[in-house]
Amino acid sequence: QVQLVESGGGLVQPGGSLRLSCVASGSIFSINAMGWYRQAPGKQRELVADITSGGSTNYADSAKDRFSISRDNAKNTVYLQMNSLKPEDTAVYYCSAKGTTTRQGYRSEVWGQGTQVTVSS
């Protein structure tokens, strides 16, 4: 079984910063892409940023210039550094892992439980 556990969410004032972390556990050999999505109340889940095992990154327009995604392949961990946060960044942030090869087989997509980020004064 592959599990993703997020941490680092919380309440922050506008203009502040947060760093989210997501650790993948299980008998993992490799993960193709890891990423962060978010879902605000009443809205669909949307991509924030993702990163391949080779380090190629992709950002939503709303995240460019403010957020930075990074990854430690040896630790099966992905990070999201969020700066200059705005109230519209308020959402539940979910970690995803795509293309995971484990001792038990292949998992095309795995999701974490989510961590709440609230940007408010």
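Visitor: Is Lys98 buried, partly exposed or exposed?

Guide: This is a predicted model. Lys98 counts as partly exposed, at 28% relative accessibility.

Visitor: Which residue forms a salt bridge with Lys98?

Guide: First, the general idea. Side chains of opposite charge can pair when their charged atoms come close. Here, Glu109 forms the salt bridge with Lys98, and their closest N and O atoms are 3.7 Å apart. Glu109 lies in strand 10 and Lys98 in strand 9, so the pair ties together parts 11 residues apart in sequence. Glu109 is also partly exposed, at 35%.

Visitor: How many salt bridges are there?

Guide: The count comes to 5. Let us look at Asp89. Arg38 forms a salt bridge with Asp89, with the closest N and O atoms 2.9 Å apart. Arg38 sits in strand 4, while Asp89 is in the loop between strand 8 and strand 9. The two are 51 residues apart, so this pair links distant parts of the chain.

Visitor: Is Asp89 buried or exposed?

Guide: Asp89 is buried, with a relative accessible area of 1%. Arg38 counts as buried too, at 7%.

Visitor: Where does Arg66 come in?

Guide: The side chains of Arg66 and Asp89 meet in a salt bridge, at 2.7 Å from N to O. Arg66 lies in the loop between strand 6 and strand 7, 23 residues from Asp89. Arg66 is buried, at 12%.

Visitor: Which residues are linked in a network of salt bridges?

Guide: Arg38, Glu46, Arg66 and Asp89.

Methods: Residues are numbered from 1 along each chain as its sequence is written. This is a predicted model: local features need pLDDT of at least 70, side-chain atom pairs count only at pLDDT 80 or more; totals for chains, interfaces and linings use all residues. Side-chain values use heavy atoms; hydrogens and water are left out. A salt bridge is a side-chain nitrogen of Lys or Arg within 4 Å of a carboxyl oxygen of Asp or Glu. Helices (H or I, at least four residues) and strands (E, at least two) are DSSP runs, numbered from the N terminus. Buried means under 20% relative accessible area, exposed over 50%, partly exposed in between (1.4 Å probe, protein chains only).
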